[in-house]
Structure formats: C-alpha cells, structure tokens
Protein chains: 2
Amino acid sequence: MQRTPGTTVPASLERDRRGAPECQRTCRLVVENRQMTVYVVGTTLSANPSRSAPPGAKFFSVKCTDNVQYTLNPPPQETSHLAPIPLRGNSVLLISMSRASQSENDSKISVQYYGNNKEVLGKAVLHLTAVEISLDVDADRDGVVEKNNPNKSSWKWGPTGHGAILLVNCDSEQTYVKKLDSEQDYVSKASDLQDMSPMVLRTKGPAKLPKGYKLTMHMSQGDAESVRVFRTKSPDVNSSMAEKVLSKYFLRDYPLVLSREVLSQEVPYLGGEAEMRFYVEGLRFPDKDFNGLISINLSLLEPVNEGLPETPIFTDKVVFRVAPWIMTPNTLKPVEVFVCSTSDNYQFLKGMRNLVGMSGYKLKICHEYENRGDRWMQDELEFGYIDSPHHGFPVVLDSPRDGDLMDFPYNDLLGPDFGYVTRTAQRKDVSSLDSFGNLEVSPPVTVRGKHYPLGRIIIGVAFPTATKGRNMTKVVQEFLWAQKVQEPIALFSDWLIVGHVDEFMSFVPAPDRKGFRLLLASPDAAYKLFRGLQRDGHGKAKLFDGLNDVQQITVNELLEDEQFQSENDYVQNCIDWNRDVLKRELGLDDEDIIDLPILFKLEEDKQVHRAVAFYPDMVNMIVLGKNLGIPKPFGPRVNGRCALEAEMCSLMEGLGLSCTFIDDFASYHKLLGEVHCGSNVRREPFAFKWWNLEM
Amino acid sequence: MQRTPGTTVPASLERDRRGAPECQRTCRLVVENRQMTVYVVGTTLSANPSRSAPPGAKFFSVKCTDNVQYTLNPPPQETSHLAPIPLRGNSVLLISMSRASQSENDSKISVQYYGNNKEVLGKAVLHLTAVEISLDVDADRDGVVEKNNPNKSSWKWGPTGHGAILLVNCDSEQTYVKKLDSEQDYVSKASDLQDMSPMVLRTKGPAKLPKGYKLTMHMSQGDAESVRVFRTKSPDVNSSMAEKVLSKYFLRDYPLVLSREVLSQEVPYLGGEAEMRFYVEGLRFPDKDFNGLISINLSLLEPVNEGLPETPIFTDKVVFRVAPWIMTPNTLKPVEVFVCSTSDNYQFLKGMRNLVGMSGYKLKICHEYENRGDRWMQDELEFGYIDSPHHGFPVVLDSPRDGDLMDFPYNDLLGPDFGYVTRTAQRKDVSSLDSFGNLEVSPPVTVRGKHYPLGRIIIGVAFPTATKGRNMTKVVQEFLWAQKVQEPIALFSDWLIVGHVDEFMSFVPAPDRKGFRLLLASPDAAYKLFRGLQRDGHGKAKLFDGLNDVQQITVNELLEDEQFQSENDYVQNCIDWNRDVLKRELGLDDEDIIDLPILFKLEEDKQVHRAVAFYPDMVNMIVLGKNLGIPKPFGPRVNGRCALEAEMCSLMEGLGLSCTFIDDFASYHKLLGEVHCGSNVRREPFAFKWWNLEM
C-alpha cells in the first residue's frame with residue numbers, strides 16, 4: 001500500500017513537460033557555500049533566490065554555463081537579464097539542462113545578490129551534473145522494450161491502450177526434480193529468462209556519479225508479494241557487495257535485485273551511455289486481493305550525512321499487469337487429447353483412439369499406475385494459457401477436487417513452458433461442484449453491445465435463493481472472477497447428483513450465425529422423439545438393447561411412466577432456467593440453441609432428490625474441430641439404426657459436424673460420467689490478445 | 001462471490017423492455033395437462049409451441065384471455081392469426097400481461113395443435129396469474145424511495161449518477177452500556193432505523209399467490225459480511241414461523257430478514273396492492289477486500305415437488321454503496337474543540353479556553369481520571385463523518401496507537417448519532433507514525449484538471465527507497481485508501497523523531513487563490529529572519545528568554561553553530577522534498593505556500609538521527625476559522641516583542657487571520673509535541689456530497 005510520493009515521469013525531449021509541476025524539484029541556493037547537485041534531464045530544478053538571500057539584499061542577477069537554461073517565474077518586469085532583478089518573495093528560478101554531462105560538476109549556475117545601491121552582498125553557486133535516466137519496459141506491447149514511453153507508468157486496456165505485461169513464472173525449467181520457477185529466487189537456466197518481462201535501465205552521463213549519489217530500484221511491500229526482479233550482472237566485477245555474497249547457482253550471472261525480502265536495492269550506475277537489462281518475474285495470478293497491477297521504481301538518491309537516510313531526488317516508475325489465466329472453448333483448435341487408461345475401459349479407449357487419430361490430433365494416455373483408477377480426466381484439471389507480447393505458454397489449473405488423479409497435473413503436465421496453478425481449499429469446503437466438468441467457457445460472444453472476444457467462463461452452483469446447497473469453493477470462484485477477461489456466469493447445476501454443467505450443456509462450432517451452437521440436454525426433445533417413434537409403430541423398440549446388466553425398457557413403457565415424466569418435467573425446468581441465463585448472459589437467440597433428446601432420472605442423494613442421465617448423456621461430448629465424440633446412447637433401434645444416434649446426426653449434420661459414438665456405458669456412464677468427463681483437450685490459444693480487450 | 005444468475009430488471013411500464021432477452025423466461029406448454037404459472041408484469045414468457053407438440057402436429061393456433069398478449073417470433077408468414085400457423089422448430093410464442101391479476105389463475109393462453117389436414121391433435125393450456133413486484137430503494141439519492149427506478153440495480157458516481165447509499169451503523173443508540181449498533185442483530189430502538197437505508201417491496205396482485213409460490217429475499221455470502229436487513233412486521237400475525245421464534249427485544253416489531261447467518265429468507269406476500277418496508281444496515285466500511293458495493297435480491301419462487309429446490313422465476317435486484325468515512329480539513333467550520341486536562345497543563349488550558357471561547361466554539365475537556373496523563377488528543381483519534389441522502393453523523397476513527405487515552409473515543413464519543421470505527425494492529429506493527437498527528441487532510445483542490453472537492457488525505461511514511469524505516473501500519477493505510485473519496489498522499493515524515501506530518505505542515509483558510517494556504521516549517525526562513533536580526537544589531541537577543549530550565553541562546557550564538565546549520569539544511573531538504581510532493585499532488589503553486597521560520601535539531605534515536613523542533617513549532621497550530629492557536633515560540637525579543645511572533649503575525653495578517661500564541665512550552669513542547677498535537681477539532685461536514693464525485 002505504500003505509494004511512491006516521489007514518482008515523476010521524465011519527459012522525453014519530444015514531449016517537453018519540464019515546466020510542469022510534476023517534474024519540478026525544489027533545490028537550495030546557499031550564499032558563500034559551494035552547493036552541488038545532480039540534475040536529471042527532463043526535470044526542472046526550482047530555486048527561490050530570496051529564500052537564502054543575505055540580509056539587506058534587494059536585487060539579484062543570474063549567470064550560468066552553456067549547458068544550463070533558466071527562466072524566472074513569474075518573469076521579471078525588466079527586459080534585460082543582465083541588469084540586477086528585484087528580489088520578490090515567491091518568485092522562483094526554474095533551471096534545466098538539455099543534455100547529459102560529460103564529467104562531474106561540469107556545469108553551474110550562480111546567483112549574485114545586491115543591496116539597495118546595487119552593491120554586491122554575496123553569491124550563491126550551484127554546481128550541476130546532468131544525467132539521463134530512464135527505466136524502460138515494453139509499454140506499447142510489441143515485444144520490444146522501447147525508450148522512455150510517456151505512458152510507461154500507467155496501464156490501459158484496449159487496442160489503443162498501453163502498459164507492460166508480466167507472466168506468472170509458473171512453469172518449471174527443470175524436468176526431473178520439479179519446482180515452479182516462481183518458487184525459487186534464482187534463475188536456474190537461461191531459458192527461464194524468456195518467461196520474465198524484460199526491463200531496461202538506460203543511463204547517460206559522466207563516467208561516474210558525484211560521490212555518494214546512487215541509483216536504487218524499489219517497490220512496495222504489497223507488490224513484492226507478486227513480483228521479483230533479476231538483472232544481468234554488471235560488467236564491473238567490483239560492483240556491489242550483495243552481488244558477491246549471492247554467488248551460488250546462476251546467481252552470478254543474474255543477481256536478484258528485488259524480492260519479498262529486499263524491497264529496495266542499489267543498482268550500479270554504469271557511466272557514459274549505458275543500458276542495464278533486468279528481468280521481471282510474476283509470482284502470482286490476479287486474485288480477490290490482487291488486481292494484477294504492480295509498479296517498479298528507480299530512484300536517484302542524493303547523499304546526506306552519516307546516519308541520515310539518502311534523499312530520492314528523482315524517481316522513474318513503470319507499471320506491469322500480470323497476465324490472466326485464460327480458458328479455451330470447444331471452438332478453438334485442439335492440440336492434445338488426454339484420457340485415462342484403466343483396467344476396464346478398453347472399449348472406450350479404442351473409440352477415443354480412433355476418433356482422435358482420425359481427427360489428426362495427439363492422444364495422451366494417463367496410465368493406471370498414475371491415475372490409480374481415477375478416470376475423470378475432465379474433473380481434475382482445466383487447460384488454459386497465459387500470454388504476453390514477448391512470450392506465452394499453456395497453464396493447467398489444478399482442481400481442489402484432488403481425486404486419485406491429483407498428482408497428474410503437477411507430475412506430468414508441469415514442465416518447461418507448461419505452467420501450473422492451483423487453489424487449495426479445506427477438504428470440508430470441497431464438493432463435487434469443484435470438479436472441472438463444472439467449469440467451462442463459451443466461444444466469443446457479444447452481449448447487448450458488449451464484446452467478450454475470449455468468451456465467458458461458465459460454472460455451476462446452487463440457486464442463490466437456496467438456503468442450502470452445494471457450491472464451487474470460494475477460492476476457485478474468486479480466482480476465476482479475478483482473471484476478469486472471461487467474466488464468469490454462474491449457472492444452476494446443483495440439481496444434478498454430480499452437479500456439473502457439462503452434464504446438460506456443450507458448445508459446438510458452426511459455420512453460420514455466431515460461429516457456434518449451444519447444445520442443451522432436453523427431456524422435452526426426448527419425449528417428443530419417443531412419442532413420434534410410438535406413433536410410427538416403434539413403441540416396442542427397446543432402449544439399452546444388447547447391453548448386459550441393464551434393465552431394458554421399451555418406448556411404450558417409458559412413455560407410460562408418469563413418475564418418470566414428472567421427474568423429466570422438473571429436469572426440463574432446471575435446464576430451461578439455465579437456458580434463460582445463457583441466452584441473457586451470452587446474448588443468444590433461440591436459433592443459437594439446439595435441444596438434444598436426453599432423459600434424466602432422479603435419485604435420492606442425502607435426503608435431496610437429484611438428477612442423473614437415464615441413458616448415455618450425448619451432450620457430454622468431446623469436440624475436436626468438426627468431429628464430435630459422443631457417448632453412444634443405446635437408444636431404441638428403428639430399421640436397424642439407433643433412433644437417438646440418428647436424431648443426433650441429423651441435428652449436427654446441418655452444421656457440417658460429424659458424429660462418432662463411443663461406447664462409454666460400462667466404464668463411464670454407469671459411474672455417472674461420460675465421454676467429456678473422461679477426457680480433456682488442450683487447445684491452441686485465442687488469436688485475440690487479451691490486453692486488447694476494452695474493459 | 002456467488003452471483004445472481006437469475007437477476008432480471010422488470011421494466012417499468014414507461015420503459016417497455018419486455019421483448020428484451022434479459023426479461024424473458026422460458027416456460028413449457030404441455031398437451032392435455034393443465035399447466036399454470038405466475039407471471040411478473042414487465043417480463044416475457046417464452047414458449048416454444050413445437051417443443052411439446054404431439055406427434056404429427058404440423059399447425060397450431062393460439063387463443064388467450066383479455067389480459068394476455070402474445071406475439072410469435074419470428075412472426076408467421078400468414079396475415080391472420082385465426083388460421084392455423086405452420087409449426088417451425090425454433091419459433092417461439094412471447095407472452096406478456098399488462099396488469100396484475102385480480103384473482104389466482106384469472107388468465108390463460110392455449111395452443112391447439114393440428115395435423116396435416118388441420119385435424120385437431122391436442123391442446124395445451126397455460127393458466128396465468130400476473131403480479132407486479134418491485135424491490136425499491138432511493139436510487140436517485142433524494143432521500144425518498146421511488147418506485148422501480150430503472151437504474152436501481154447498478155451504481156454510478158457523479159451528479160448524473162445513480163444508486164442507493166448505505167451507512168455503516170457504527171453509532172450506539174445506547175448511552176450507558178454501549179455497543180456499536182452494527183454489533184447487535186436486532187433493532188434496539190426505533191431511532192436506530194434512521195441509521196439504516198429504507199427499502200420497499202411493492203407488490204400488486206391477487207389476495208394470495210397460487211399454492212406453493214413465495215417471495216424470498218437473498219444476498220450472497222460475501223455481501224452478508226457487510227450488511228443486514230430488517231423489515232417491519234407484516235400486518236398478518238400468522239406470517240412466518242421464523243418471525244415467531246425471534247420474539248425477544250424489539251424483534252417483534254422489526255424481524256431480522258438477512259444476516260451473516262441467514263442468506264435467504266421468505267418474506268410475506270401481502271396481497272392486493274401492498275408495500276412492505278425494509279431497513280438495510282451497513283456493517284463495515286469499504287476496505288482492501290471490500291469495494292463498498294452490495295446487492296440485495298428479491299425472488300419469486302415457483303414450487304416443485306417435495307425434496308426439490310424451488311425455482312426462482314423472477315429476481316429483482318438493488319445495489320447499495322456503503323458510505324465512506326470522510327475527514328474534515330482545517331478550512332471547515334469547527335463544532336467542538338477537545339483537549340486534555342493534566343496535572344501540569346494549566347497554562348496551556350487557560351490559553352486554549354480563551355482562544356476557543358473567543359472564537360465562539362465549544363471546548364470539551366477530557367479529564368485526568370480518563371486521560372491518565374496522556375495529553376495527545378490529536379494522536380489518539382481522528383474526527384470524520386459519514387453521509388447519505390437520508391441521514392449522516394460524525395464518526396471517530398480510533399487510532400491503533402492506543403495510549404492511555406485509548407478508551408476516550410469509545411467511552412466518551414461513541415453514542416447516538418456519533419459513530420466509531422477503528423483498525424487494530426499487532427503491538428509490534430504499531431509505531432509513532434500511527435498517531436493521527438500523522439493523518440491530515442487538505443482542503444478541496446484541483447490537480448491537473450482532476451477535482452478533489454473533499455480534499456486529499458495526507459499521511460507520513462518512510463522514503464519508499466529506504467531499506468528500513470517506520471511506516472503507518474498497513475491496516476490503517478488500507479482503510480484510508482479504500483474510502484476512495486479523499487485519495488491519500490504519502491509524505492516523508494520518518495525524518496522526525498515523532499514522525500508526524502503536523503510537525504512541518506498545516507493548512508489555513510485564505511480569502512483568495514485556492515481558498516487556503518499551505519504552511520510549511522522552514523529552517524531557511526528562520527535563518528533568514530535571524531540573519532536579518534543580527535544585521536540589524538539584535539544579535540545578542542536571546543531565545544527562550546524568561547523560561548526556566550532551558551538553556552538560553554543568543555541569535556549570534558545560534559548563527560555561529562555550523563553543526564546546527566548543517567542539521568537544519570538537512571531538515572530543509574526533507575521539507576522541500578515534501579513541498580515538491582504537495583505541489584504536485586495538490587496542484588499548488590509557490591504562491592500557495594507560506595514558509596514559517598522554524599528550526600529543528602537532530603537527536604540520536606536508536607542509532608538514527610532524527611529531528612525535533614528546536615523552539616515551539618509554530619506550524620503545529622490549531623485552526624478555528626480565522627483564529628489560529630499557535631505555540632508561543634519564545635523567540636528573541638526585539639523592541640519588547642518576540643521577533644518570531646511578529647513574523648508569524650505579519651505572514652498571517654494578509655490572509656485576515658488572527659494569531660493567538662499559547663504557551664505550551666513546559667507541558668507539550670518539552671514532551672515533543674505542541675498545540676495541534678494536544679488538541680482535536682470536530683468540524684462540520686462538507687456541503688459537497690461525496691456521491692457527486694466524478695470517479
């Protein structure tokens with residue numbers, strides 16, 4: 001929270017703001033006493049000649065060397081600067097210099113004081129050394145650190161915005177003994193520098209600063225929780241004591257400058273025209289208590305006597321925003337598909353292998369020794385990414401679910417340029433709604449004029465009106481909302497036993513309209529289909545035909561069951577409630593939504609009735625470009641073909657999508673999940689850059 | 001963090017938004033099965049006729065009672081609504097009603113289905129009961145709860161802004177056994193209602209809602225930390241079970257509706273045209289983790305079967321912002337002056353009594369049995385206030401300093417319409433910089449076009465570049481920044497032993513320019529004055545003349561002491577650094593600043609040299625309108641008059657200010673404080689209303 005009162009922005013020579021009060025520094029003129037100071041090009045020194053005037057002084061005159069300019073404010077009545085000027089209480093001398101000094105104290109300005117009769121009463125001389133100082137970042141977001149961007153000390157969203165960007169260094173350069181790079185306070189490999197934001201200190205001036213002056217980099221205690229700064233070793237081997245002490249690992253090459261432990265540290269002044277390179281490392285993602293913005297300051301300190309703190313006489317500030325974690329919707333191109341291999345899912349794996357191979361993507365299998373029988377690849381983790389103008393990489397969000405798959409994200413995914421983030425919660429606060437089948441993201445949408453070019457995150461919770469109910473845990477919700485660029489939508493999913501939004505909704509790409517369709521499970525659509533079958537004489541066709549261990553049921557029987565109908569009416573109401581929210585929050589029309597014929601049944605779960613899919617839940621699909629991997633529904637056969645598959649194909653065909661039905665009945669459906677629950681897809685990032693969002 | 005996905009804003013009849021997707025609710029048509037629902041005026045029901053059409057249905061027709069309107073979207077090709085309309089997949093019926101029902105199910109809409117040959121295949125009937133529901137607040141900030149303000153569900157700053165305002169109920173209606181009203185979850189006195197924001201639930205409809213429908217008020221878990229809702233008891237004595245249980249104290253009259261423990265509760269539907277009054281109580285001030293905004297929701301729930309959660313079918317939302325705590329600068333009119341009486345401060349008290357009496361304000365004395373010898377009335381507390389369109393009152397901020405005066409703010413100030421707030425920190429984190437002599441506020445300023453009509457808070461800290469140093473504790477800084485309306489400025493005050501900004505700066509009213517002057521202590525001004533005295537032959541005049549126990553010193557001796565001069569050069573540099581910050585952050589010119597002749601000396605304090613005023617620190621004054629109470633400086637006498645007093649008077653005279661010098665030497669100055677440190681002033685609030693700020 002500590003602010004930097006001394007912050008000034010040095011004007012570039014093109015944008016001369018030297019007269020502006022924000023660049024002024026008060027300095028003193030002392031009669032008969034050699035004064036000296038260091039001047040920073042782009043600022044103004046303000047000296048009040050009457051403040052230290054000798055007693056009886058009525059007039060003064062000013063002289064200076066070539067490199068020094070001055071004006072009087074307010075300007076004197078006289079037209080000639082050579083004639084002594086009357087002293088007036090609050091009139092100040094504004095002093096500036098247009099270029100860096102070649103040597104220490106190579107410039108000066110002097111003020112001579114005169115009495116009533118123009119007799120000389122004394123003279124104050126101020127010796128000056130001019131330096132140029134600029135702490136620079138990539139504030140224009142083109143991947144290159146430009147020189148003294150006038151906007152570098154603030155951050156603005158949008159294509160006409162500005163402000164540098166920082167990545168959380170959440171990958172691990174080490175492949176074996178892993179550790180998040182952000183958890184170690186040294187640079188372990190040169191490749192790690194790529195994950196950090198470059199920052200350059202540009203200085204110009206004499207070979208060295210006058211005695212006692214020094215440069216210090218500093219940040220606030222709050223910001224130090226979120227960022228660390230390294231630098232390249234200075235060419236001067238004798239540079240600083242701290243540097244010598246920290247000599248293990250690669251610290252020799254990249255000394256740590258700022259961290260949680262060190263909020264302020266001297267950095268060497270290199271002399272002449274020089275650039276020193278720094279690397280800024282993000283340590284944590286935006287969250288409820290962190291808006292993502294951090295500042296780094298570089299100050300020039302003026303020496304004072306022993307035992308007194310040095311005075312900052314110039315401060316340059318740069319601002320970074322930590323890149324948010326971004327999710328990838330079904331409409332983005334897949335890169336890799338992940339599934340688990342278990343002792344009983346050979347059939348499913350075979351189906352997935354065919355689908356993924358046919359689609360031309362990589363299939364990655366998590367083997368049983370690692371998944372320990374936990375097949376719910378969707379639920380343990382969510383793939384996303386972080387991005388900046390200089391670099392980006394995928395980042396897995398590890399769920400607090402922590403099933404037997406819990407080690408997979410860290411052990412198998414984390415690595416060089418593959419990041420990892422998690423939020424941990426107390427066991428008692430974690431419910432089934434914390435599995436990431438309950439965390440999805442829409443394709444890009446525009447809602448009543450507001451653009452969401454990265455889509456919107458979708459989670460499922462209990463009704464806000466419910467006096468009890470399950471929820472996604474607070475820490476994960478807060479993390480998701482804090483990322484800001486995919487403003488979340490909360491749906492009602494607590495009506496399901498498992499409680500995941502992916503049990504009733506999915507998105508598929510479409511060539512027309514908004515570029516996608518929302519698919520919703522619909523008992524009404526299922527009843528309509530089955531009534532049509534009955535009418536057309538297929539009432540005796542059986543669901544679950546050919547499956548073992550499952551009670552088969554005819555279309556007629558199904559349609560006669562009033563209790564079952566009433567349960568599905570309830571389910572349709574729940575889904576319709578979500579449909580209204582999705583229409584409103586994603587700006588969808590009814591034409592953007594496709595109802596899929598799916599039935600549910602209610603079961604008592606801890607004295608509450610909750611729903612689960614009656615036959616394989618076709619909406620719980622995997623979307624790989626134009627190929628859909630859909631749970632094989634085992635619906636009634638009509639003329640040798642499953643009527644549910646036929647309906648599904650007919651609904652998807654118009655969008656140019658191809659349906660592959662995968663048998664997940666025994667190994668997933670009976671365990672209350674389907675294809676989507678049992679798989680995960682890492683996708684390419686959006687082409688749209690998050691910092692171009694208008695917020 | 002839990003959002004309200006079901007939130008819709010009912011359109012007022014003047015602003016018809018019924019067609020807009022945000023007001024649509026999907027409802028089902030079921031053939032041969034009596035359906036009923038409750039409709040909320042201002043919304044739209046959306047029903048898809050083809051979804052539940054009987055098999056073979058190709059056409060449909062629609063009929064409805066008088067009070068019901070419908071349209072088809074997209075509109076049918078046919079021109080007559082009487083002829084059966086072809087069924088099309090995604091075409092929906094948009095149903096609305098323009099006024100509330102007189103009785104349950106008094107309206108209906110029916111859809112008849114036809115086959116290929118227009119033969120009737122079935123009919124779906126939907127019975128409707130229309131109600132008007134509006135949760136209302138004072139969103140236009142005129143002190144009156146208007147009806148269904150279209151902006152009630154958002155909050156916007158500024159004179160053209162909108163959004164209701166909430167006070168933290170931080171006063172105590174009880175005068176004896178005190179407790180903050182916000183700390184008890186019942187209404188102890190009717191007068192307490194005045195500290196809460198009124199909220200009205202307006203309903204219109206039949207005498208009762210159809211069976212199972214009910215109204216529920218709810219808020220999120222996060223918001224429940226900051227707010228509580230009471231209501232007036234409903235006229236219906238049999239209303240709710242909860243109401244009966246909570247019958248102690250005044251709960252009978254004002255039952256608690258929402259609190260940290262109860263996030264959702266049914267509220268009675270009164271029937272006919274009715275208003276139910278609620279009282280919303282703020283529980284905490286904006287802070288680092290609370291932006292001050294909270295929402296309260298009112299939902300209509302539709303019944304479902306036993307064991308299933310009721311579905312919210314309509315939600316109205318209102319938003320409040322908690323009023324910030326606001327400080328009052330020296331330029332506001334005083335109300336009361338507070339000082340301590342101690343065994344040794346008779347002289348000082350006498351001076352203060354005269355000054356305050358002469359100025360026409362109330363002097364309140366904190367007696368020794370209460371102050372236990374702690375005389376630093378400025379340091380233990382800061383007076384401020386909170387304000388809303390309906391009510392406002394003073395609020396004391398109690399410092400974590402917690403000296404022997406620590407009980408005074410709670411015991412003596414807290415009371416009816418006098419609020420109390422504090423921030424507690426660990427003993428080890430509290431330093432002298434946490435005393436509120438280190439917390440001041442500027443008069444209103446405009447800085448490079450940005451208006452601060454309530455001024456800016458000023459605190460003192462260590463240099464941001466310092467590797468060690470004292471600071472104001474984090475919890476207090478976070479509190480101050482979170483109030484937002486007086487954006488704080490951090491000065492450098494750690495150079496002083498005591499470390500308070502009031503040791504080197506003050507504001508006084510002025511008839512010209514910005515309406516005030518900034519007064520700064522200035523060793524340069526003091527040296528200039530003393531050199532003038534020396535030149536004029538007063539070098540032998542003595543400082544501290546007539547005082548016991550103090551080493552007297554002549555002007556000559558003072559001017560000869562080079563060490564002393566060098567210490568004061570350092571002090572001038574420190575003050576000049578702050579001068580530059582104040583010029584920049586308050587938009588001041590040199591003409592807005594007056595340098596007061598004050599000298600300091602350095603003393604070693606825990607191996608660091610820090611400064612303290614050499615003679616009574618005249619800038620540490622009390623400002624009561626045009627009367628200034630200034631520490632009597634005991635400067636050198638010239639022609640019988642203290643030269644420092646004369647200079648001070650001459651500087652203030654031009655502003656129409658009158659100086660009263662108060663002898664605080666023995667009882668304050670020698671203990672490292674002065675008049676300002678030993679007093680406190682409660683002032684009138686700003687005429688400017690904080691919600692009119694442009695943020």
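# Welcome to a two-chain model

In chain A, A:Glu604 faces A:His609 of strand 36; here, strands (E, at least two residues) and helices (H or I, at least four) are DSSP runs numbered from the N terminus. This is a predicted model, in which local features need pLDDT of at least 70, side-chain atom pairs count only at pLDDT 80 or more, and totals for chains, interfaces and linings use all residues. Residues are numbered from 1 along each chain as its sequence is written, chains are lettered from A in the order in which they are written, and side-chain values use heavy atoms, leaving out hydrogens and water.

- Strand 35 (residues 600–605) and strand 36 (residues 608–613) of chain A pair antiparallel over six bridges; two strands count as paired if DSSP finds at least two bridges between them.
- Two residues lie between these strands of the chain A hairpin, and A:Lys606 in the turn has a positive phi of about 50 degrees.

**A three-stranded sheet in chain A**

- This open sheet has the strand order 25-28-29 and mixed pairing.
- Its edges are strand 25 (439–441) and strand 29 (489–492) of chain A, each of which pairs on one side only.
- From one strand to the next, the twist averages 35 degrees; angles run from 0 to 180 degrees between N-to-C directions, and axes are lines fitted to C-alpha atoms, for helices over the stretch in contact.
- Strand 25 of chain A runs antiparallel to strand 28 (residues 457–461) of chain A, joined to it by three bridges.
- Within that pair, A:Val441 stands opposite A:Ile457.
- Helix 7 (residues 474–483) of chain A packs on the sheet and touches strands 25, 28 and 29 of chain A, its direction making about 155 degrees with that of strand 28; contact means heavy atoms within 4.5 Å.
- Helix 10 (residues 562–586) of chain A also packs on the sheet, touching strand 28 and strand 29 of chain A, at about 165 degrees to the direction of strand 29.

**A four-stranded sheet in chain A**

- Another open sheet of mixed pairing has the order 1-3-7-5 in chain A.
- Strand 1 (24–26) and strand 5 (68–73) of chain A are the edge strands.
- Ignoring direction, neighbouring strands here are turned by 30 degrees against each other on average.
- Strand 1 and strand 3 (residues 44–47) of chain A run parallel, with three bridges between them, and A:Thr26 stands opposite A:Ser46 of strand 3.

**How the two chains relate**

- Helix 10 of chain B lies across strand 1 and strand 3 of chain A, at about 150 degrees to strand 1.

**A helix pair in chain B**

- Helix 8 (residues 523–535) and helix 10 (residues 562–586) of chain B have axes that come within 8 Å and cross at roughly 135 degrees.
- These two helices of chain B are therefore oblique to each other (under 35 degrees is roughly parallel, over 145 roughly antiparallel, 65 to 115 roughly perpendicular and the rest oblique).
- Residues making the contact include B:Tyr527 of helix 8 and B:Phe564 of helix 10.
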